[in-house]
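Q: I have a model open and want to learn how to read it. Can we go through it feature by feature?
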Amino acid sequence: MHQFRLPGRVVLEILGEVFPQPSSFHVEWRNRGTAGQALRESDEIPPERLLQVVWYHQRLRRGELRTHDGRALRVLHPGFWNREAGPDFRAAVIQFEGEAPQTTDIEIDLHSAGWRAHKHEGNPNFVGVALHVVWRAERPIALPTLALEPVLDAPLSELERWLGSETAGSFPLELFGQCCAPLRGFDPERLTKLLQEAALVRFQSKAAQFQARAREAGWEQALWEGLFRALGYKHNVWPMQRLAELRAQLDRDKGSPDPLALQARLLGVAGLLPDQLPGTRAGTDNYPRRLWDIWWRERDSCAEVLMPRSLWRFSGIRPANHPQRRVALAAHWLAARSLPARLEKWAVAGASEISPAHSLLELFQAAGADEFWSWHWTLRSKRLSKPQSLLGATRVTELAVNVVLPWLWIRAVEGKNDALRLELEQRFLAWPSAEDNAVLRLARQRLLGRAPARVLRGAAAQQGLLQVVRDFCQHSNSLCADCRFPALVRQWPG
């Protein structure tokens, strides 16, 4: 049979007539539906998110960077994207011409004026910012300012299309920690074992803190302070700690105290009651007025320990975790005089059909039922369409691994009860995973190479990863300078 070949271009033209090319449709849909147009804020100024991604992946002509005052700038590490309050990037490493490298935070705005317009000046969260990155530096502030417009490594339209790609949305390979390569060589069982060893170090450190506090204030007070701190989450740990320190003064009722009276005192001393009595809403059972009827009679006796409302942080908090609701729950726990004893009984309970995690959740929920707070997020909020528990499984996990198990474990150690000590260690190692958070996500990305949350099997593995961050990452910089952990991982015999 006579063979012949067509030029490649002709073949493509013929195939194009026979088979529709889906890629062309996809390109058109992507341009219409993703970053190319949907995220554009104007025809001339890109969206701030694009600038953040450009900085994250350093889509810049890096050898040409100069600040607005003409100084050459080297970016040794762009820092880690901060998805919470504060500067856009944390722990960047940069070097200004004629100066030594420095670790700093980075703030990104469209305009130089954004620094003052967004009230970063004077905000304590931004004191660590040494470089202001903008699209155009029309009027630079006192901070060194870098304009991105003249140093992009591709046309803006091309970068906008790239913004919707998988690469742009992923953790940059260049930001992996030096320990990532050896850790990625571990199978899941070996990685879990390594992290559990680190987790036990963290667990015992928490237990030692309870032991030290118990020497001064007693075991029960140490427990209450731990429980209150856990209810404060990361934003309100210290105000909750202060309320726990006032426990003996505020929980003054003999016998079985009234939870409502305890809520009035705790909320009043905390500065969480409104200055004026809120109007009564339908379905509230006049709860706010009942609080005030108690508090106005007792507030003079608490004048010396009143806390300013400014101690509390309310931004960035889920409605279910509002400080008013957390304090109301703590009051119920105090009113349940038997809570410490019930925790001790739970510790020695044998195996049953109910898992330790589930039985501990039931224990805390039984001590925290509330007719008002099950239906409201705050004192002023509308009644919810359905009741919401004051405490969920994820928060009980935080209570278990950070408070209950370490407190019980160190008591077993002091009592030389080896069987109970080992049982509590096994419960800790087997406890279900806690809620994911920003620190864990960054640690997984840097140390484990973009590993999904499920790679950390259980709460102990999560705790172990946090301990690695504390023991090693926090003592180095983003470049892993002089960090010993990668070498230790390679030498680990496990």
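Q: Does Arg 247 count as buried or exposed?
A: This is a predicted model, so every value here is computed from predicted atoms. A residue counts as buried when its relative accessible area is under 20%. Arg 247 has 16% relative accessibility, so Arg 247 counts as buried. Arg 247 is found in helix H11.

Q: Which residues does Arg 247 touch, beyond those up to four places away in sequence?
A: Look for atoms that come together from elsewhere in the chain. Arg 247 touches Glu 220, Gln 221, Trp 224 and Leu 334.

Q: Which residues of helix H10 are buried?
A: Read along the helix, residue by residue. H10 spans residues 237-245, and its buried residues are Pro 239, Met 240, Gln 241, Leu 243 and Ala 244. Then ask what lies over them. The cover includes H9, helix H11 (247-250), helix H12 (259-269) and helix H14 (323-335).

Q: How do I describe two packed helices?
A: Two packed helices are described by the angle between their axes and the distance between the axes. Take helix H9 (residues 219-231) and helix H17 (residues 393-414). Their axes come within 9 Å and cross at roughly 165°. An angle over 145 degrees counts as roughly antiparallel, so H9 is roughly antiparallel to H17. The crossing of H9 and H17 is right-handed.

Q: Which residues make the contact of H9 with H17?
A: List each side in turn. H9 brings Trp 219, Leu 223, Gly 226, Leu 227 and Ala 230. H17 brings Arg 395, Leu 399, Val 403, Val 404, Trp 407, Ile 410, Arg 411 and Glu 414. By class, the contact has nine nonpolar, one polar and three charged residues.

Q: At what angle do H15 and H17 cross?
A: The axes of helix H15 (residues 339-348) and H17 come within 11 Å and cross at roughly 75°. That makes H15 roughly perpendicular to H17. Leu 343, Glu 344, Trp 346 and Ala 347 in H15 meet Val 404, Leu 405, Trp 407, Leu 408 and Arg 411 in H17. The residues of this contact divide into seven nonpolar, no polar and two charged.

Q: How many of the residues of H4 are buried?
A: Count the buried residues against the length of the helix. H4 covers residues 48-57, and eight of its 10 residues are buried. They are Leu 50, Leu 51, Gln 52, Val 53, Val 54, Trp 55, Tyr 56 and His 57. Then see what comes next. Gln 58 follows H4 and has a positive phi, near 50°.

Q: Where is Arg 59 found?
A: Arg 59 lies in the loop between H4 and strand S1 (73-77). With 18% relative accessibility, Arg 59 counts as buried. Leaving aside neighbours within four places in sequence, Arg 59 is in contact with Val 54, Val 151, Leu 152, Asp 153, Ala 154, Glu 158, Leu 159 and Trp 162.

Q: What is the relative accessible area of Val 134?
A: Val 134 has a relative accessible area of 0% and is buried. Its place is in strand S5 (residues 129-136). Now turn to its contacts. Beyond four places in sequence, they include Leu 51, Asp 109, His 111 and Thr 145. Leu 148 is another of these contacts. The C-alpha atoms of Val 134 and Leu 148 are separated by 6.2 Å, with the two residues 14 apart along the chain.

Q: How many residues apart in sequence are Gly 177 and Gly 449?
A: Compare separation along the chain with separation in space. Gly 177 and Gly 449 are 272 residues apart in sequence and 8.5 Å apart in space, C-alpha to C-alpha. Gly 177 sits in the loop between helix H6 (156-162) and helix H7 (180-184). At 10% relative accessibility, Gly 177 counts as buried. Beyond neighbours within four places in sequence, Gly 177 is in contact with Arg 446 and Cys 480.

Q: What about the protein overall?
A: The protein has 21 helices and six strands. Of its 494 residues, 48% count as buried. Among contacts between residues at least 6 apart in sequence, 66% join residues at least 24 apart.

Q: Where does pLDDT stay under 50?
A: Start from the average. The protein averages a pLDDT of 86, and 87% of the residues score at least 70. Over residues 1-27, pLDDT stays under 50, and the model has three contacts for them beyond four places in sequence. Over residues 32-42, pLDDT also stays under 50, with 19 such contacts.

Note on methods: Residues are numbered from 1 along each chain as its sequence is written. This is a predicted model: local features need pLDDT of at least 70, side-chain atom pairs count only at pLDDT 80 or more; totals for chains, interfaces and linings use all residues. Side-chain values use heavy atoms; hydrogens and water are left out. Axes are lines fitted to C-alpha atoms, for helices over the stretch in contact, and angles run from 0 to 180 degrees between N-to-C directions. Helices (H or I, at least four residues) and strands (E, at least two) are DSSP runs, numbered from the N terminus. Angles under 35 degrees count as roughly parallel, over 145 as roughly antiparallel, 65 to 115 as roughly perpendicular and the rest as oblique. A crossing is left-handed if the near helix is turned anticlockwise from the far one by less than a right angle, and right-handed if clockwise. Contact means heavy atoms within 4.5 Å. Ala, Val, Leu, Ile, Met, Phe, Trp, Tyr, Cys and Pro count as nonpolar, Asp, Glu, Lys and Arg as charged, and the others, Gly among them, as polar. pLDDT is the predictor's confidence in each residue, from 0 to 100. Buried means under 20% relative accessible area, exposed over 50%, partly exposed in between (1.4 Å probe, protein chains only).
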